[in-house]
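This briefing summarises the architecture of a single protein chain for a structural reader.

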Amino acid sequence: MSILKIARMGHPVLRKVANRVENPNDPEIIRLIADMIETLKDAGGVGLAAPQVFQSLAVMIFFVPPSRTNDDDAQSEVPLTVLINPEIEPLEDDEKVGGWEGCLSIPGFQGYVPRWRKIRYRGIDENGDRVEKIASGFHARVVQHEYDHLIGVMYPERMEDMTLMGFTEELRRDPPDVSSDNTEVDPQGSGDAQQEK
Ligand code: NI
């Protein structure tokens, strides 16, 4: 296994629609997934999509760490999940919720991004088995963030107010007021980058 270089915003691989994986059991795909897991651990993130490691393929990985769960919103820990050729659909139309996100491809920054509150996602896992799940909260946010990488979209393109993007360090020092009914209490930010170090 190897730790892979992470593409940064501006590289064309991040703007392309990723190709579907024809054979999830291909040894090259299995190796890519193993390398992505190692790369994600090394980077200290919570999700990673294959285009972020310069592979234009519909493969993403993510997890929801125990620190990001909360009791009142049916949020629970989600183990490391591999999704190949994923599809997502919103379950409550027009129900978007704002939250802070970071991205391993935009190091040092965070932005306030509206996302669907609740989604259904489908895909194939690392064993070639079908996966179908309903997600909300942090889980839904990280899935939407990683899925966007597979269609060439980065989180700033999902933002509605670009004044709510900045260096994580500055935002922590003097957080902008975004409190409303549609805000997730999410001071750590999510997206790929769990916490900037
Ligand atoms: Ni990202």
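In this predicted model, strand 4, covering residues 96-102, pairs with strand 5 in the antiparallel sense over six bridges. The two strands form a hairpin with six residues between them.

- Opposite Gly111 stands Met165, a residue of strand 8.
- Strand 5 is mostly covered, with seven of its eight residues buried.

- Five strands make up an open sheet with the order 1-2-3-6-7, and their pairing is antiparallel.
- Strand 1 and strand 7 (130-136) lie at the edges and have a single partner strand each, so one side of each lacks a neighbour in the sheet.
- On average, neighbouring strands of this sheet are turned by 40° against each other, direction ignored.
- Strand 6 and strand 7 run antiparallel and are joined by seven bridges.
- Tyr121 has Lys133, in strand 7, as its bridge partner.

**Helices packed on the sheet**

- Helix 1 packs on the sheet and touches strand 1, strand 2 and strand 3. The direction of helix 1 makes about 40° with that of strand 2.
- Helix 2 also packs on the sheet, where it touches strand 1, strand 2, strand 3, strand 6 and strand 7. The direction of helix 2 makes about 160° with that of strand 2.

**The largest nonpolar core**

- The largest nonpolar core has 42 residues, of which Met36, Ala50, Val59, Met60, Ile61, Ile119 and Val143 touch the most other members.
- Two or more residues each come from helix 1 (27-43), strand 1 (47-49), strand 2 (59-64), strand 3 (78-90), strand 5 (109-116), strand 6 (118-124) and helix 2 (137-150).
- Helix 2 makes the greatest contribution to this core, giving six residues.
- In soluble globular proteins, nonpolar side chains tend to be buried together.

**Two residues of interest: Ile61 and Val64**

- Beyond its neighbours within four places in sequence, Ile61 is in contact with Ile33, Met36, Ile37, Leu40, Gly47, Leu48, Leu80, Thr81 and Val82.
- Val64 belongs to strand 2.
- Val64 counts as buried because 25 other C-beta atoms lie within 10 Å, where the cut-off is 20 or more.
- A distance of 6.8 Å separates the C-alpha atoms of Val64 and Val46, which are 18 residues apart along the chain.

**Composition of the chain**

- The protein chain contains three helices and nine strands.
- Read from the N terminus, the order of the elements is α-β-β-β-β-β-β-β-α-β-α-β.
- The protein chain has 197 residues, and 39% of them count as buried.
- Among contacts between residues at least 6 apart in sequence, 71% join residues at least 24 apart.

Key: Residues numbered from 1 in each chain as written. Predicted model: local features only at pLDDT ≥ 70, side-chain atom pairs only at ≥ 80, totals over all residues. Core = buried A, V, L, I, M, F, W, Y, C linked by C-beta atoms within 7 Å. Buried ≥ 20, exposed ≤ 12 C-beta atoms within 10 Å, placed from the backbone. Helix = DSSP H or I, 4+ residues; strand = E, 2+ residues; numbered from the N terminus. Contact = placed C-beta atoms within 7 Å. Pairing = 2+ DSSP bridges. Axes fitted to C-alpha atoms, helices over the stretch in contact; angles between N-to-C directions.
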